[in-house]
Each structure stands twice: as C-alpha cells, then as structure tokens.
Amino acid sequence: MSDTVKTKQPLKIVAEAVDWKGHAPEVLQNMKDNLRKLDEMGIKAIE
C-alpha cells in the first residue's frame, strides 16, 4: 500500500525499503496525539 504524496518539485526514487517494519500501533497513536496537541497550540508540524 502506498500513499499519494504531492510535492512542488519532482522526486527521484533511488531505492525501495523492502525490509522496513512499521511502527507499533501504540507508537503511531502517540505520534498522532502529539501532532494533535501541537495543532491545538497553533503549531503546524506537518503541512
């Protein structure tokens, strides 16, 4: 599965991460919670 990414400049694909293991669900939830807290403080960490 891949996500759509929009960029202002073209991206060059140089390799595929075939052995990458994703983060545990708890870690992902913690990241999302922290991003939500930053957003509530008016900080846009990801545009």
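Reader: How do you know which residues and atoms count?

Author: Residues are numbered from 1 along each chain as its sequence is written, and side-chain values use heavy atoms, with hydrogens and water left out. The model is predicted, so local features need pLDDT of at least 70 and side-chain atom pairs count only at pLDDT 80 or more, whereas totals for chains, interfaces and linings use all residues.

Reader: What makes up the secondary structure of the chain?

Author: The chain has 1 helix and 0 strands, where helices (H or I, at least four residues) and strands (E, at least two) are DSSP runs, numbered from the N terminus. Helix α1 covers residues 25-40.

Reader: Why is the contact between glutamate 40 and arginine 36 called a salt bridge?

Author: A salt bridge is a side-chain nitrogen of Lys or Arg within 4 Å of a carboxyl oxygen of Asp or Glu. Between glutamate 40 and arginine 36 the N to O value is 3.0 Å, and therefore the pair meets the definition. Both residues lie in helix α1, 4 residues apart, about one turn of the helix.

Reader: Which residue forms a salt bridge with aspartate 39?

Author: Lysine 44 does, the closest N and O atoms being 2.4 Å apart, and the structure holds 2 salt bridges. In general, side chains of opposite charge can pair when their charged atoms come close.

Reader: Why is glutamate 40 called exposed, and why is arginine 36 called partly exposed?

Author: Buried means under 20% relative accessible area, exposed over 50%, and partly exposed in between (1.4 Å probe, protein chains only). Glutamate 40 has 58%, and is therefore exposed, whereas arginine 36, at 42%, falls in between and so counts as partly exposed. In the other pair, lysine 44 is exposed at 55%, while aspartate 39 is partly exposed at 39%.

Reader: How much of the chain is buried?

Author: Buried residues make up 0% of the 47 residues in the chain.

Reader: What makes Val27, Leu28 and Met31 a nonpolar patch?

Author: Patches are made of residues with over 30% relative accessible area and no salt bridge, like charges being joined within 9 Å and nonpolar side chains (Val, Leu, Ile, Met, Phe, Trp, Tyr) within 5 Å. Valine 27, which lies in helix α1, has a relative accessible area of 37%, and so valine 27 passes the area cut-off. Together the three residues of the patch have about 220 Å² of accessible area, by the Shrake-Rupley method with a 1.4 Å probe, where only the protein chains shown count as cover for residues.
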